[in-house]
Amino acid sequence: MTCAVRESGGGWRCAGVRWPREMPELGWSRGGDRRVSVLAYGAGLGFRAVGERHCVGARGNVCPLGAVVPGRSTGGRCAECARLDRAHSVAADTMADDPRTYRVYLAWFGPGMVKVGITGEERGAARLREQGAVAFSWLGRGPLMAARRTEEVLPAALGVPDRIPYAKKRAVRGQLPGAEERAGAVAELYARAAELEGRGWPESLERLPLEVVDQVGVFGLDLDPAPGRSVRESAPAPVRSVRELVDGGVVAGRLVAAAGPDLHLAVADGGVVVLDTRLITGWDLTAVTRATEVTEVPEVTGSDVRVPLIDIGGGGVQGGLF
């Protein structure tokens, strides 16, 4: 079994998933050292959480307090580090003199779920993969403040939100419409946005042509097998997600899909569990195999997961350890 988990004896802690290319990577940190593990669909992934969850720090720096943070926090930072991290982000509006070029995008996450956002042009589509955008198109490019102004004007003018909770994205991911409908939704939003040129659209923002990029295949959400990959009819739509990790908690399975921070793991009972990797940052993780450690634990016989789970559709919560 392939498992991209560092042994905690070396002091490596998971820094979450990132998407610099069209495959997800898990980041690892130990002091000032950084490493990555490239994940692959069809490969196994298993780990056990050890000890307590600690703050991941801010802007690449270690938390000076070594603070313990709650298991359900998707930020993974203490209050002070969270404040410092946001103070230096693009969203904080403290970088008005940033000389870089930014792009405005239109992203589609599922039926009725579209948003407007911005990202640095040099990052390409990494931001769209990090957010789990199923389809998107670029809208314009220009200086930061013009992009920010567009990001503020368009949601109000188009009646779309500037944020969509991951829980909502997760709930529809297993029931996506066809490629034609996905592209049509992005094209419709683009047409409405283009009509705003000259009416609140910043003059310094260059409009880019419509070009819908569909990321279903990138995320592994397509039902048809890609070259070199096995048929995925054994991987049904996920109905449960990890609520939090706990000391000694185990998560193990076969990676069948990924979108944004979410990893979709096929587990021993035939179902698929979603792991939001924002919940594993700050934990010491040790490798665990499905064939040995997991099935030998009485509490998890017949399953690969021994952490609290919750129904994705917003139904009842599964309590206890599994």
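In the predicted model, the largest nonpolar core comprises 58 residues, and L245 and L285 have the most contacts inside it. Helix α3 (residues 144–158) supplies the largest share of this core, with 6 residues. In soluble globular proteins, nonpolar side chains tend to be buried together.

For C63, the nearest cysteine sulfur is that of C55, at 3.8 Å. C81 likewise takes part in no disulfide, and its nearest cysteine sulfur, also that of C55, lies 3.7 Å away. C63 is buried at 6% relative accessibility, and C81 is buried at 3%.

The salt bridges number 20. One of them joins D262 to R170, with 2.8 Å between the closest N and O atoms. This pair links distant parts of the chain, since D262 belongs to strand β12 (residues 262–266) and R170 to helix α4 (residues 166–172), 92 residues apart. D262 is buried, with a relative accessible area of 0%, and R170 is buried at 11%. Both residues belong to a network of salt bridges that also includes R173, D276 and R278.

A salt bridge between E122 and R100 has an N to O distance of 3.3 Å. E122 is located in the loop between β6 (113–120) and α2 (126–131), and R100, 22 residues apart from it, in the loop between α1 (79–87) and β5 (101–110). E122 is exposed at 53% relative accessibility, whereas R100 is partly exposed at 36%. In the salt bridge between D85 and R77, the closest N and O atoms are 3.6 Å apart; D85 is buried at 18% and R77 is partly exposed at 29%.

Technical notes. Residues are numbered from 1 along each chain as its sequence is written. This is a predicted model: local features need pLDDT of at least 70, side-chain atom pairs count only at pLDDT 80 or more; totals for chains, interfaces and linings use all residues. Side-chain values use heavy atoms; hydrogens and water are left out. A disulfide is a pair of cysteine sulfur atoms within 2.5 Å. Buried means under 20% relative accessible area, exposed over 50%, partly exposed in between (1.4 Å probe, protein chains only). A nonpolar core is a set of buried Ala, Val, Leu, Ile, Met, Phe, Trp, Tyr and Cys residues joined through side-chain atoms within 4.5 Å. Helices (H or I, at least four residues) and strands (E, at least two) are DSSP runs, numbered from the N terminus. A salt bridge is a side-chain nitrogen of Lys or Arg within 4 Å of a carboxyl oxygen of Asp or Glu.
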